[in-house]
Structures are given as C-alpha cells and as structure tokens.
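Morning, everyone. Have a look at it first.

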Amino acid sequence: MHRLIALILLLPAIAFSQAENARKTVEKLCSSEFHGRGYVNGGDSIAADYIAAQFRETGCSFFNAKPFQRVNFRVNTFPDRMQLSIGGKYAVPGADFVTDPSSGGGRLDNARAVIITQQDFDSRESLKSKWGEITSSENDVVAVFDFPGYTDSTKKLARTFVETALAVCPVIELTGTKFTWSVSDEQRGKPHIIAQRSLFDLTDPSLTVSMDITAVLRKHSGRNVMAYVPAKKNSKKFIVYTAHYDHLGRMGQQTYFPGANDNASGTAMLLELARWFKQNPQDVNVAFIAFCGEEAGLLGSHEYVQHPVFPLDRISFLFNIDIMGSGEEGATVVNATKFPAQFDLLKKINDNGKYLVKIAPRGEAANSDHYFFTKAGVPAFFLYTMGPNKHYHDIYDTYSELSFAEFDDLFHLLTDFGVCVKRL
Ligand SMILES: [Zn+2]
C-alpha cells in the first residue's frame, strides 16, 4: 500500500478518543441484555464475561491464565412479579415505587389502606384505633406511613412502627423525594414498598391497594475480573486500578437499573486504562481489577483482600474509580488527607494538564472498593466525579444521561498519575 494512503487510513484511529471508546462500552453494559449487572437473569455474570473478553482483546495478561475470582454471597432478589396498584391505578415500578431492598414477597387484592398520618400520631385515640386495625387483621390491610407529613421526632417513632407492622401486613412508606435503591443480604417480613406520596389520596378512607411481588433470598456467585500488564523488566511492584462493574440489577421483569455513571463509566475507564498501559508498559506491573458485589456491600473487594492473587505489600498504589461520566464540577478524592504526598502529585498533574476544574480532598471513607485495601495498609485513592447529572441508584442513571464531558481529561489524569506515582 502507498505510504500516504496508509497514513490516511490511520488518521481516524488516531483521532479516536478514549471517550468515544468508552461510550460504546457504557452503552453496551447498560443495555437490557446485561439486566443492570445484578442478580437477576445472570446480569452480573454476563458483564463479567464481557469484561474478561475485553481484557483479552487488549492483549493484557491474566494471573495464572485466569481472569476470574469467585465471590459467594447471599442476596435478596426480585426476579419476577412487581405489581402495585393504588385505588385501581397501576403504579410504575422504579418511577412510582421501589421495594425496600430487604422486602419480602406476597400477593394482596384490594386490601384497605390504613394510612397513618401526623394527626394520628398527635392523637393517642386515633393512633390506637388505626394500629388496632393493622395488627388485628392479617392480609386484609396495608399499613401506609406518610413520612413526608411527619415531624422529625415522629419519623423516628414511625420507624419502629414500620418494623412491627411488617410482621403482620405489607407496608408502604410514602416519600416526596427521588428513590435511591440498593441491595440487601436479608429478607424481612411482608412486602415493604417505598412509593411516591402523590399516588395516594390521603383523605380517602376507602382507598384500596393491590400488589403482587416476588422476592427470593438466595445464594449468589459473583466474579471479580482481573488482568495486568507485566513490567518492561522484571518487577515485583504493582500499580493497581480498580472499578466495580456490578449494579443493582432488576426489580421485577420489567424494570432494571442501568447504572451508567455508577459504574459502567468506571468500568469503561478501566478498559481504556488497560488498553493504554498494554501499549505503554511501565517499570512496574500494572493491574486492573473489575470488582463484583460492590453494591451488595464491597463484597468483591473484601474477598480479594482476603485472597489476593499477589501479595498486597507489592502494591505501590491503588486507584479506585467510580462515576466517570461526569466531572463538570470536578472530582473528590477519598484518602487524600491520608496520603498527602500522593495527593500533592495528583493535584500537580491536574494543574499542569489543566484537566479538572477542581479536585476536592476527602478523608477516609468506607464508601467503595478501596476501603479494605486501605485497612490492609495499601496506599489507595478513591476518585469519583461531580457534575449536573444527579441520577444515582435510580432507573434514570442511563447511558443517554452521561455527558462524558471530562472523560478524556480523567483518562490523562489517571495515566499520568500511574506513570509518576511509582517514583514517589
Ligand atoms: Zn452504587
């Protein structure tokens, strides 16, 4: 081929930014075939296979020729029916209501809603009579707690009423704010739902509720996915980049939580880092770990720290990343105050490269997969970005909501830091 033609053919590849690659990865990881990378329909397992295949494509090496590490845990799941109607009107899962993560399952047709308001808590008589209705009849009523209408002290008291009511009948907690769903390793009592207050006519004494919810507490087997780029010459030392790839999965068969920012975006970054370091090997080994079970309580990283594939004291630095689809308002770095020299370096790199508008330091926090490494004495940062996209643990954390505004800057910040930190 003529050299000029070869060069022209090469140009689009050069212009291809990390963000463009990442968009494809995130869109894929957020598609319905990945089921929200959780515990229904094998979503997290499909994601694990996909990430391993991507690592393989980068040409990275695997430890003992295997990309996976098993992690077994218990999890409460909602694999099938997820129906709720109020006064005969169908409520939309995820948009109008979510289950409490430790909700039980059950079915109920046209049960009377016993709504407990602030006025009831104000009047001993009224509370006594409604509480009597709730505790005396099984399966005929649903206890509805109007949390937005409660004073702060009532809210505390109402918590204990919710717990007691769950032993005898389904409970609906009303809310006026957005849902933030999560995962639980236990199942408690009857169906437990958080619903938007606007769905309820609080003045209607004959309001009825129907529901049909499948909840299954089960043993789950997740997989951490790992790869690395060997040092140019033999080295025992490692720089490690980590990101969790799991999310909340499905809540019933119709609804799933795509987890675009949290943390398909960080997973995409991890793959871009692997691609780059494979092309640019360092004096030390560079490892990449995509953790499972983060949303269920940092379970993948906990398992890894208990059973590391190379000794933890060989890690010069570990960088955990989350929420890479934003960054317009900068980023926060957990453990910044614990590792001031490394944080200085990160800030200098950021200033020199004019990458993010700000990097805010934060102390220690048990809020992601760096945590058990830090406890084990491994120097580590956890970086997450801030921006106008506030979707978090809800059905709106979708691919199309991500700006990727700072993705390339973040990529350069992370690679520059990885190259420099080993010299500290
Ligand atoms: Zn999360």
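Let's start with helix packing. Helix α2, residues 18-29, packs on α7 at an angle of about 130°, and their axes are 9 Å apart. A word on source: this is a predicted model, where local features need pLDDT of at least 70, side-chain atom pairs count only at pLDDT 80 or more, and totals for chains, interfaces and linings use all residues. Residues are numbered from 1 along each chain as its sequence is written, and side-chain values use heavy atoms, with hydrogens and water left out.

Terms, quickly. Helices are DSSP runs of H or I with at least four residues, strands are runs of E with at least two, and both are numbered from the N terminus. Axes are lines fitted to C-alpha atoms, for helices over the stretch in contact, and angles run from 0 to 180 degrees between N-to-C directions.

So α2 and α7 are oblique to each other. On the labels: under 35 degrees counts as roughly parallel, over 145 as roughly antiparallel, 65 to 115 as roughly perpendicular, and the rest as oblique. α2 passes α7 in a right-handed crossing.

Who makes the contact? From α2, it is Q18, N21, A22, T25, V26 and L29; from α7, it is A260, A264, S265, T267, A268, L271, E272 and R275. Contact here means heavy atoms within 4.5 Å. By class, this contact of α2 with α7 has seven nonpolar, five polar and two charged residues. Ala, Val, Leu, Ile, Met, Phe, Trp, Tyr, Cys and Pro count as nonpolar, Asp, Glu, Lys and Arg as charged, and the others, Gly among them, as polar.

Next pair. Helix α9, residues 340-353, meets helix α11, residues 407-421, at about 130°, with axes 10 Å apart. That makes α9 oblique to α11. The crossing of α9 past α11 is right-handed. Q342, L345, L346, I349 and N350 of α9 touch L413, D416, F417, C420 and V421 of α11.

Third pair. The axes of helix α5, residues 124-136, and helix α6, residues 152-165, come within 11 Å and cross at roughly 25°. α5 and α6 are therefore roughly parallel to each other. α5 also passes α6 in a right-handed crossing. The contact involves L127, W131 and I134 of α5, with F161, T164 and A165 of α6. Here the α5 and α6 residues divide into five nonpolar, one polar and no charged.

Now the empty space. Rolling a probe the size of a water molecule over the atoms shows where it is left. The method uses a 1 Å grid over the protein atoms alone: a cavity is a set of points where a 1.4 Å probe fits but cannot get out, a pocket is an open set with protein on both sides within 12 Å along at least five of seven lines, and lining residues have an atom within 4 Å of a point. Points are joined across faces, edges and corners, and a volume is the space filled by probe spheres set on the points.

How much space lies in the largest pocket? About 350 Å³. Its lining has 19 residues, and the closest to the centre are D322, I323, Y384, T385 and Y392. α7 (260-279) and β18 (380-385) each supply at least two lining residues. β18 gives the largest share, three residues. The pocket lining has five nonpolar, eight polar and six charged residues.

There is one cavity of 30 Å³ or more. The largest cavity holds about 80 Å³. It has 13 lining residues, with Y39, N76, W181, L248 and R250 nearest its centre. Strands β1 (68-77) and β12 (249-250) each supply at least two of the cavity's lining residues.

Last, the backbone. Most residues other than glycine have a negative phi, and most peptide bonds are trans. I323 is not a glycine, yet has a positive phi of about 55°. I323 sits in the loop between β15 (315-322) and β16 (331-334). A cis peptide bond joins D262 and N263, with omega about 0°. N263 is in helix α7.

Definitions and conventions. Left-handed = near helix turned anticlockwise from the far one by under 90°.
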